[in-house]
Amino acid sequence: MFRRVFGIPPEAVAQAPGRVNLLGEHTDYNDGFVLPTPLPYHTRVEAARAEGVVDAYNASLNERRARPLEAPPQGNWLDYVAGCLHALRTAGHAVPGARLYITSRLPMGAGLASSAALEVAVLRALCALYRLELDARTLAQLAQQAEATYVGVRCGVMDPMVASLGRPGHALFLDTRTLEVAHIPLPAGVRVAVVDSGVPRRLAEAGYNQRRSECEAAAQALGVPALRDLTPADRSRLEALPAPLDRRAWHVITENARVLEGLEALKRGDAARFGALMLASHASLRDAFEVSTPELDALVALALEAGALGARLTGAGFGGAIVALVPQTRYAAWRQRVLAGWSRGRVY
């Protein structure tokens, strides 16, 4: 297909997975803690050299787009690809251009980090193409820079970190301030399931940047570098904040605490406690951070009624997907009941 589109064979190929975040939502850009896990669904990129242009074909959209390397972002999917070349060139790497053929099993706009998977796959392909030796952390940081500085979505580092460093069957504990990571096996006897609500969202248009600005304003008003530097014991300090900054800060503070408790639950294989923390996380995202939707709330309730140990929205919210922790022995019946009760959904 690459040869059919571009008339030449590919010179490099790479892929990267999507992710689902088990705990730690909207904490990564607050220097906090997260617990994502990679998904067995990947974005694959084939690449060949080019001069002065980024020329890409997106098989999911059946669309080819191209632009000069120095062109500004244009508000379409090619921004995510061009941003990767822009990030590499800004960092001083000689990348004169590229032709890329993109295929993906990840749904766009479902909260499963399809953009990070694309960026990490593109960067891996470019590194193979131009023989750039970049470690996994550096590659993840470049992916974040591509999205934040070129695309214009002020994303955190979590998504590209799990796309770049994640291990199947493990949660990736990540301290987003220090970039310390630990790979924790998921509990035996349970399955992580993702249910796409069928309600798409786009981060740049869905209030993500507004929430980030609110968190930054709250931290500044409280006199701390980031909300990471507060704990639930500091709740009285939030009384000085105007609404909704007090609620935004409380979510981040308690969500960081939930991640740390969830990490210990995973270490001892306590799936029931981890599921309870997922439910508490969803309630906070719904009530304090206000990024849930009626559809996501209903889908979480359905997942619980069908037998999940815990469930919550995953990703930025405003649509997208939920994640559920389901006993392996009940998974088939659980899946059937969820799909029967939510006809526009899709289970991963």
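Q: Which residues does Leu-100 touch, leaving aside those up to four places away in sequence?
A: In this predicted model, Leu-100 touches Phe-2, Phe-6, Val-45, Glu-46, Ala-47, Val-54, Asp-55, Ala-56, Tyr-57, Val-81 and Val-122, with residues up to four places away in sequence not counted.

Q: And which residues of the largest nonpolar core touch the most other members?
A: They are Val-81, Leu-100, Leu-126, Leu-227 and Trp-334, in a core of 80 residues.

Q: Which helix gives the most to this core?
A: Helix 3, covering residues 114–130, gives the most, with 10 residues.

Q: Turning to Glu-25, is it buried or exposed?
A: Glu-25 is buried, at a relative accessible area of 3%. Its place is in the loop between strand 1 and strand 2.

Q: What polar contacts does its side chain make?
A: The Glu-25 side chain makes a polar contact with the side chain of Asn-21 at 3.1 Å, and another polar contact links it to the side chain of Arg-312 at 2.8 Å.

Q: And which residues does Glu-25 touch, not counting those up to four places away?
A: Glu-25 touches Met-158, His-251, Glu-255, Leu-285, Arg-312, Leu-313, Thr-314 and Gly-315.

Q: On to the backbone. What is the phi of Asp-31?
A: Phi of Asp-31 is near 65 degrees, a positive value in a residue that is not glycine. Asp-31 sits in the loop between strand 1 (12–23) and strand 2 (33–49), and it is partly exposed, with a relative accessible area of 26%.

Q: What about Glu-290?
A: Glu-290 is not a glycine either, yet its phi is positive, about 55 degrees. The residue is in the loop between helix 8 (271–287) and helix 9 (294–305), and at 34% relative accessibility it counts as partly exposed.

Q: Which residues does a cis peptide bond join?
A: A cis peptide bond joins Ala-243 and Pro-244, with omega about 5 degrees. Pro-244 is in the loop between helix 6 (208–222) and helix 7 (245–267).

Q: Lastly, what does UniProt list for residues 263–329?
A: The unreviewed UniProt entry lists "domain: GHMP kinase C-terminal" there. Over those residues the chain is 51% helix and 19% strand, and the end C-alpha atoms are 24 Å apart.

Technical notes:
Residues are numbered from 1 along each chain as its sequence is written. This is a predicted model: local features need pLDDT of at least 70, side-chain atom pairs count only at pLDDT 80 or more; totals for chains, interfaces and linings use all residues. Side-chain values use heavy atoms; hydrogens and water are left out. UniProt positions are given in the numbering used here, feature names are shortened, and annotations may be inferred rather than shown by experiment. Helices (H or I, at least four residues) and strands (E, at least two) are DSSP runs, numbered from the N terminus. A nonpolar core is a set of buried Ala, Val, Leu, Ile, Met, Phe, Trp, Tyr and Cys residues joined through side-chain atoms within 4.5 Å. Buried means under 20% relative accessible area, exposed over 50%, partly exposed in between (1.4 Å probe, protein chains only). Contact means heavy atoms within 4.5 Å. A polar contact is a pair of N or O atoms within 3.5 Å; within protein, one must be able to donate a hydrogen and the other to accept it, and residues adjacent in sequence count only if both atoms are side-chain atoms.
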